[in-house]
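Hi,

Here is the structure I promised to pass on. Have a look first, and my notes follow below.

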Amino acid sequence: MNIILQHIELIERIDGLIRREATGTPSKLSNRLGISKTTLYRVIKTMKELNAPILYDASLQSFVYEE
């Protein structure tokens with residue numbers, strides 16, 4: 001599969017989990033997605049650069065969208 005399409009699919013998966021407040025911790029999320037934590041943080045950074053208001057909520061242990 002094209003690397004760009006893989007990246008878009010990964011962003012879509014992360015977005016869906018964030019919307020459900022069901023990402024879990026960064027370690028659990030990276031394991032769930034089969035990627036490294038470094039890659040996860042790069043994707044989150046890309047999403048933020050695209051104006052996604054992503055925060056990590058320690059009490060929920062999930063990434064969330066800032067309201």
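Ser 30 sits in helix H2, residues 26-33 (helices are DSSP runs of H or I with at least four residues, strands runs of E with at least two, numbered from the N terminus). This is a predicted model, where local features need pLDDT of at least 70, side-chain atom pairs count only at pLDDT 80 or more, and totals for chains, interfaces and linings use all residues. Residues are numbered from 1 along each chain as its sequence is written, and side-chain values use heavy atoms, with hydrogens and water left out.

With a relative accessibility of 3%, Ser 30 counts as buried (buried is under 20% relative accessible area, exposed over 50%, partly exposed in between, with a 1.4 Å probe and protein chains only). A polar atom of its side chain lies 3.0 Å from the backbone oxygen of Ser 27. Leaving aside residues up to four places away in sequence, Ser 30 touches Ile 35, Ser 36, Lys 37 and Leu 40 (contact means heavy atoms within 4.5 Å).

Just after the helix, Gly 34 takes a positive phi of about 70°.

Best wishes

Technical notes:
A polar contact is a pair of N or O atoms within 3.5 Å; within protein, one must be able to donate a hydrogen and the other to accept it, and residues adjacent in sequence count only if both atoms are side-chain atoms.
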